[in-house]
Amino acid sequence: MSNKIKILILEDNQSDAELLQRELKKSGLSFSSEIVQTQHEFIAALDSFKPDIILSDYSLPSFDGVTAFHIKQKKYPDTPFIIVSGIIGEENAVELIKNGVTDYALKNKLFALIPKITRAIKEEKEKKEKRIVNKKLKTEHEKLLKSEAQIRNFAKHLNQVMEDEQARIARDLHDELGQQLVGIKMGIRMIKEDNYTEQSMIDEKINKLMSDVDATIQSLRKISSQLRPRIIDTLGLIPSIEFLVTEFKKKTTIKCHLELNNISEKFDKDVSTCFFRVCQESLTNILKHAEATEIAIEIKKENKKLSLKISDNGKGIASRILENPFSMGLLGMRERASIIGADLNITSKKDFGTTVQLKVKIN
Ligand SMILES: Nc1ncnc2c1ncn2[C@@H]1O[C@H](COP(=O)(O)OP(=O)(O)OP(=O)(O)O)[C@@H](O)[C@H]1O
Ligand SMILES: [Mg+2]
């Protein structure tokens, strides 16, 4: 890219224009210039030449500097505009600057013009940089607000889920464990109060109580297993995912291909839970929403990174939904990923399906 300043000169007097160009050259300024004389040429040059600065005569036979300034202002408000005239009076000059013209110079004092050009260009450059920084800050700020809103929504959702979960556990504890324990207590009381005359009856009752205790332990296991994917604790991530996929295949006719790349080791509990949950939510989403016929799941360990990729060939997720902070399944995946410092990437194309990718550093 050239660093030459592009100067558009609006001047009807050819010799004045050439004099101006000579003066600019003499100053050592690196520039390229175009001379225009009419309104039509001026408007065309604004778009084709795209000047960095405009030097305009004050009065021209069929046009004038003020009109030119207003035309430029509408299309390119940031381009500096300097009036170069032989006749402009002090009062006019003040009025022009008040109206937004960058500066003015007299034709008989062209040496004063060069510093004005360099200053105007420098100021515009600084303003432009400021605008870029402000725009960046604004985008960052908006992003921050958006992610704050997402976190607030997710926290609200989590609270609701936890309350529902607590209510369910309380119900299960009351209806299942409560009943069973009351039954066991009554059985023990019957033995204590000598309700059985024969030893065989006592033995029979004790055996019954022992099997009730076993059933209670089973109930307890069932309730607690619903709190976290216990399968991960016992089997580890890979067999758990295999199990998930096997169970998934039983519920659907969607073809599901799982590639595990001979990974056999166990991973950190938090990493495993996150990978399992992301896989589980993705499969549920495919089943519920995707209208897919095929799914490919791949787990890979490469360069100290564990990655999971789930692709479907369904209808895809609209970007409006992907960005929607109210969708809890996707938000939950993102939250889980961020908790373990993993990257979660969801890409989707209408009618070409969706790909969920999760990647985390492991030791
Ligand atoms: N694989 C997919 N293919 C097509 N659309 C999908 C897919 N996954 C998600 N979606 C769309 O994205 C939306 C948001 O998904 P998300 O999992 O957050 O919510 P949900 O499944 O509707 O409800 P929840 O997961 O909270 O029970 C879904 O309602 C669905 O429209
Ligand atoms: Mg979902």
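Biologist: What is the order of the strands in the open sheet of five strands?

Modeller: The order is S2-S1-S3-S4-S5, with parallel pairing; strands are DSSP runs of E of at least two residues, helices runs of H or I of at least four, numbered from the N terminus. The model is predicted: local features need pLDDT of at least 70 and side-chain atom pairs pLDDT 80 or more, while totals for chains, interfaces and linings use all residues. Residues are numbered from 1 along each chain, ligands from 1 in the order in which they are written, and side-chain values use heavy atoms, without hydrogens and water.

Biologist: Which residues coordinate the magnesium ion (ligand 2)?

Modeller: Glu281 (OE) and Asn285 (OD1) do, at 2.0 to 2.1 Å. Donors are N, O and S atoms within 2.8 Å of the metal (3.2 Å for Na, K and Ca); water is not among the atoms, so sites may look incomplete. Glutamate 281 and asparagine 285 are four residues apart in helix H9, so about one helical turn separates them.

Biologist: Why is asparagine 285 called buried?

Modeller: Buried means under 20% relative accessible area, exposed over 50%, partly exposed in between (1.4 Å probe, protein chains only). Asparagine 285 has 16% and is therefore buried, whereas glutamate 281, at 23%, counts as partly exposed.

Terms used
Pairing = 2+ DSSP bridges.
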